[in-house]
Number of protein chains: 2
Amino acid sequence: MNFKKAVVVLVEPSGNINVGSVARLCENFEIEELRLVSPKCDIKSLETKKMAMKGLNLLEKAKEYSTLIEAISDCRQVIATAGRMDHGDIPLHQSEEVFEWIKKTSSDHNEPIAMVFGREDRGLTNEELLCAQRIISLNQFSNYQSLNLSHAVAIVLYEYQKSKGLNPISKSKTSFNLAKAEELDNCLKDAENILLEIGFLMKHTSKARMSKFKGLLQRADIKSEEVALIRGVVRQIRWAINKGNI
Amino acid sequence: MNFKKAVVVLVEPSGNINVGSVARLCENFEIEELRLVSPKCDIKSLETKKMAMKGLNLLEKAKEYSTLIEAISDCRQVIATAGRMDHGDIPLHQSEEVFEWIKKTSSDHNEPIAMVFGREDRGLTNEELLCAQRIISLNQFSNYQSLNLSHAVAIVLYEYQKSKGLNPISKSKTSFNLAKAEELDNCLKDAENILLEIGFLMKHTSKARMSKFKGLLQRADIKSEEVALIRGVVRQIRWAINKGNI
């Protein structure tokens, strides 16, 4: 199979050395792009550049975004990494399973694969984790919570490269048109608005409730056409309610 | 099997940040000892200590040796890592093979396993490589020659821990309260009725449409509490619509 473009996304990294090291790793492992969500350090510092070595070019081209959703708006397959143990219901996977899934759900689309890593001190929020269809936990083999960010990146990229080297398990791979993070997000915002209007949700608890729906749909690897189906339902419900109110 | 003590040996490391990072990794991956052969940097520097984090204790206890042979004199199973491609006849292996070999050749002896890493710029000499029974090449999956020392250590230690097969995720999973077929079926019948009422579905196509929703939810392994959540939504929608019609 052809492997697609892959991008590494760092959410609010705070260490110059880490960002530089990750740029170098991206170069080592043939990652096409580094993206940064609200970096909390000086990515133009000498220290960062020194660590980047041959990845300097990738570092200098790294784009900045204000939210994770924006950073992955063009990506279809999104994987995140988690260190904390308190993710509630969000299912965690081993890296092999995740990269096997990457192969299985690969489609003809050319959108890049995104690999998302969180803050040095507290990783990704549950909301950010829910932007990914699959979440890698490195916990079981290491005391991940104190694993340095760039070392976590090294391990995940190594596993990713390795998965490309092995022959994919030849399951009948149907084309799998995964919904993009932004599509799903917009659809759920639509749904949230109508559920607030009809009083199913309340302002202060809607976020938690909606994240339950999102978790459910991410587990299912929801497709673009299914998102469209749900949007159709939401539109029709809105119409039915407004009609009554006129 | 019982796993033995494992030690990490760095030969002539020249980077303060690297030595500190490796100490931290040793702590992350439960390596008992860090050994240094003629370090070319200041291992007592603030920079080194800062990078060591929780591995500071291991760093402070790290012993120094003048040759590799001395550093591994008490070890029986020795593995080394190589980046260069010009090793002459010295055979290289993949990390999985090497750790499989570690298991197979394990004896009742209590000597530690040694994992040896070379200089940042030119790795280990052929003579040093020959001190090891097995040599791991990370070349095939990355441009190893420019892989940072501490990242190479991260990958090898991760593979080592993985070979020990600790705590698979599935065991730590809490029980998964899968919805019963009937629960899901009743819920979807409710939803179908309201979608027919509001004109989203038509009688002759509703079955096909609804089976799309069902497929989506089944792929997610929907739980009982999630079925209840959806029923709550359906109920509230019905209420909102009837309210308008009264």
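Guide: Domain bounds here come from an automatic or database domain assignment. On that basis chain A is divided into domain 1 (6–164) and domain 2 (181–243). This is a predicted model, where local features need pLDDT of at least 70, side-chain atom pairs count only at pLDDT 80 or more, and totals for chains, interfaces and linings use all residues. Residues are numbered from 1 along each chain as its sequence is written, chains are lettered from A and ligands numbered from 1 in the order in which they are written, and side-chain values use heavy atoms, with hydrogens and water left out.

Visitor: How many Å separate the centres of domain 1 and domain 2 of chain A?

Guide: The separation is 28 Å, taken over C-alpha atoms. Contact means heavy atoms within 4.5 Å, and 14 residues of domain 1 of chain A are in contact with 11 residues of domain 2 of chain A.

Visitor: And what area do domain 1 and domain 2 of chain A bury between them?

Guide: About 1,100 Å², with 50% of it on carbon and sulfur atoms. Buried area is the accessible area (1.4 Å probe) that two parts lose on being put together, summed over both. On the domain 1 side of chain A, the residues that lose the most area to domain 2 are Ile69(A), Leu130(A) and Gln133(A), together 44% of what that side buries.

Visitor: How many salt bridges between domain 1 and domain 2 of chain A?

Guide: The count is 2, where a salt bridge is a side-chain nitrogen of Lys or Arg within 4 Å of a carboxyl oxygen of Asp or Glu. Lys207(A) forms a salt bridge with Glu127(A), with the closest N and O atoms 3.2 Å apart.

Visitor: Switching to the two chains. How many residues of chain B are in contact with chain A?

Guide: 55 residues of chain B are in contact with 58 residues of chain A. The two chains bury about 5,200 Å² between them, 66% of it on carbon and sulfur atoms.

Visitor: How many salt bridges across that interface of chain B and chain A?

Guide: The rule finds 6. Lys162(A) forms a salt bridge with Glu96(B), where the closest N and O atoms are 2.6 Å apart.

Visitor: Which helix gives the most to the side of chain B that touches chain A?

Guide: H11(B), with 12 residues. Helices (H or I, at least four residues) are DSSP runs, numbered from the N terminus.

Visitor: Which helices do Phe99(A) and Tyr160(A) lie in?

Guide: Phe99(A) is in helix H5 (residues 95–104) of chain A and Tyr160(A) in helix H7 (residues 149–165) of chain A, so the pair ties together parts that are 61 residues apart in sequence.

Visitor: Last one: how many salt bridges over all chains?

Guide: The search of the whole structure finds 30. Lys214(A) forms one with Asp185(A), the closest N and O atoms being 2.9 Å apart. Lys214(A) sits in helix H9 (residues 206–219) of chain A and Asp185(A) in helix H8 (residues 181–197) of chain A, 29 residues apart.

Key:
Helices (H or I, at least four residues) and strands (E, at least two) are DSSP runs, numbered from the N terminus.
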